[in-house]
Amino acid sequence: MKVSLPIANEVKKDLKAGDYIYLTGTMYTARDAAHKRLIELILNNEKLPLDLNNVCIYYTGPTPTVNGRIGSIGPTTAYRMDGFMKHLKMINCTIGKGPRSEEIIDLAKNNQILYLMAIGGIGAKLSLCVKSMDVIAFEDLGAEAIFKLEVVDFPVIVAYDIYGNSVFK
Amino acid sequence: MRNISYKQISDAVYEMAVSSIYDLDDKMIRSLKSGLINEEDFLSKTVLKEIIENSDIARTNRIPICQDTGIVVCFLEVGNEVHFDFLIDDAINDGIKRAYIDERFRMSVVRHPLDRVNTRTNTPCIIHTRFVLGDRVKITICPKGAGSENLSSFKMLVPTSGIDGVKNTIIDAVKNAGGRVCPPMIVGVGIGGNFEESAILSKMALIRDLDDRADDEIARKLEVELLEEINKLNIGPMGVGGKTTAIAVKVNVGPCHIASLPVSVNFQCHASRHKEMII
């Protein structure tokens, strides 16, 4: 099934844990260090480097682009970002890998923030789905900076759906 | 005495780093393919297919298998008849630094655990050295990702816990790690030694040949039994359920104190990258 980003609420109703879907649209990378900075800005009521409303956040720290070719860009382990999520209830969905805490299952159910899993360790393949990549914030963090990605048919598994279901056994 | 040059060491490390990042071990690919035949569900099959396809794409297009190109662990066996007129750690770090800069791998090492400033060279490596007889140096390098490393565990059991206590500890560690370590995984186990030795034993277990069996009879039996039990846990590829949770369990054992029974479990994701070279 092909799905556009950000994922519309009507579409979220059709997505069930375990569905294998292909995403097209815009996503923003952010992992540990970028989350820490974003949350500090939010808590201090400072201006954010991007509008977080309804965005898709992808937990990844890619290898650098080489001669215009996007580097390896697979997901990093999502649970490390769980503690930040209570401040990010405005976003559309997250993409990472691995099981997360109950709190994230509840966010999917109560706030429609889907958690999608990209397959870990397939960064070479996923790089082929990324059509453009531009750094938009925290460039000093290197691979942990926030990049804006335009993706086409980026494969993910619906991990936590809006009905409280999980793909994990 | 045989002289080995800085350049020989540095170049060997460079070459191993580059090939390990792009080329997944053929034995791992073979194991993933046999896992694919065993799996029945759409999702577990899909995950394995994608991982296998990714290894082809990485090799053909020279894109890193995984974006986490790791912190490099290096095991050295230095013959007593070898002479260096330099610090061997410098030559190893030089090879890694050049490889990561030239190939534009991800720089994943910070200089301090709390100030978190990136060294931008992916060094220093973590180097374990021991001395052996002979006039050769054996270098093993292992770019180790953090996703699997972070779920490693250590437990000090009481010596009377026995084999059942050890097995339960390992199974619990695998259950706790679950889908977060990017299964199919290799489970490296170190039993015995002391606090730090058991951890090193578990790391050394991970870099063993995928097809070998432990020399020690008890360890060998544990490897077979644990692999079977782990693959019944239904964790499966990336935690979506299935029979292919672990590709191998490797158990290394060592002598220990009468009062101690240390058990370390170190995980390796399916992007198992390690190379060795004898100079």
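1. The crossing of α1(B) and α4(B) is right-handed, a term used where the near helix is turned clockwise from the far one by less than a right angle, anticlockwise being left-handed. Helix α1 covers residues 6-22 of chain B and helix α4 residues 88-102 of chain B, and their axes come within 8 Å and cross at roughly 40°. Axes here are lines fitted to C-alpha atoms, for helices over the stretch in contact, with angles running from 0 to 180 degrees between N-to-C directions. The two helices, α1(B) and α4(B), are therefore oblique to each other (under 35 degrees counts as roughly parallel, over 145 as roughly antiparallel, 65 to 115 as roughly perpendicular and the rest as oblique). Among the residues making the contact are B:I9, B:V13 and B:A17 of α1(B) and B:I92, B:I96 and B:A99 of α4(B), contact meaning heavy atoms within 4.5 Å. By class, the residues of this contact are 13 nonpolar, two polar and five charged (Ala, Val, Leu, Ile, Met, Phe, Trp, Tyr, Cys and Pro count as nonpolar, Asp, Glu, Lys and Arg as charged, and the others, Gly among them, as polar).

2. On provenance, this is a predicted model, in which local features need pLDDT of at least 70 and side-chain atom pairs count only at pLDDT 80 or more, while totals for chains, interfaces and linings use all residues. Residues are numbered from 1 along each chain as its sequence is written, chains are lettered from A and ligands numbered from 1 in the order in which they are written, and side-chain values use heavy atoms, with hydrogens and water left out.

3. Helix α2 (residues 26-38) and helix α3 (residues 42-61) of chain B pack with their axes 9 Å apart at an angle of about 155°, which makes α2(B) roughly antiparallel to α3(B). Helices and strands are DSSP runs (H or I, at least four residues, for helices; E, at least two, for strands), numbered from the N terminus. The crossing of α2(B) with α3(B) is left-handed, and the residues that meet include B:I29, B:L32 and B:L36 in α2(B) and B:L48, B:I51 and B:I52 in α3(B).

4. Between the chains, 42 residues of chain A are in contact with 35 residues of chain B. The two chains bury about 2900 Å² between them, 60% of it on carbon and sulfur atoms; buried area is the accessible area (1.4 Å probe) that two parts lose on being put together, summed over both.

5. How many salt bridges are there between chain A and chain B? The count between chain A and chain B is two, a salt bridge being a side-chain nitrogen of Lys or Arg within 4 Å of a carboxyl oxygen of Asp or Glu. B:E50 forms a salt bridge with A:K125, with the closest N and O atoms 2.5 Å apart. Within chain A, the salt bridge of A:K2 with A:D153 has its closest N and O atoms 2.9 Å apart, and this pair links distant parts of the chain, A:K2 lying in strand β1 (residues 2-4) and A:D153 in strand β7 (residues 146-160), 151 residues apart.

6. Some backbone geometry deserves a look. The peptide bond from B:T123 to B:P124 is cis, with omega near 5°, and B:P124 is found in the loop between α4 and β4 (126-132) of chain B. Another cis peptide bond joins B:P183 and B:P184, with omega about 10°.
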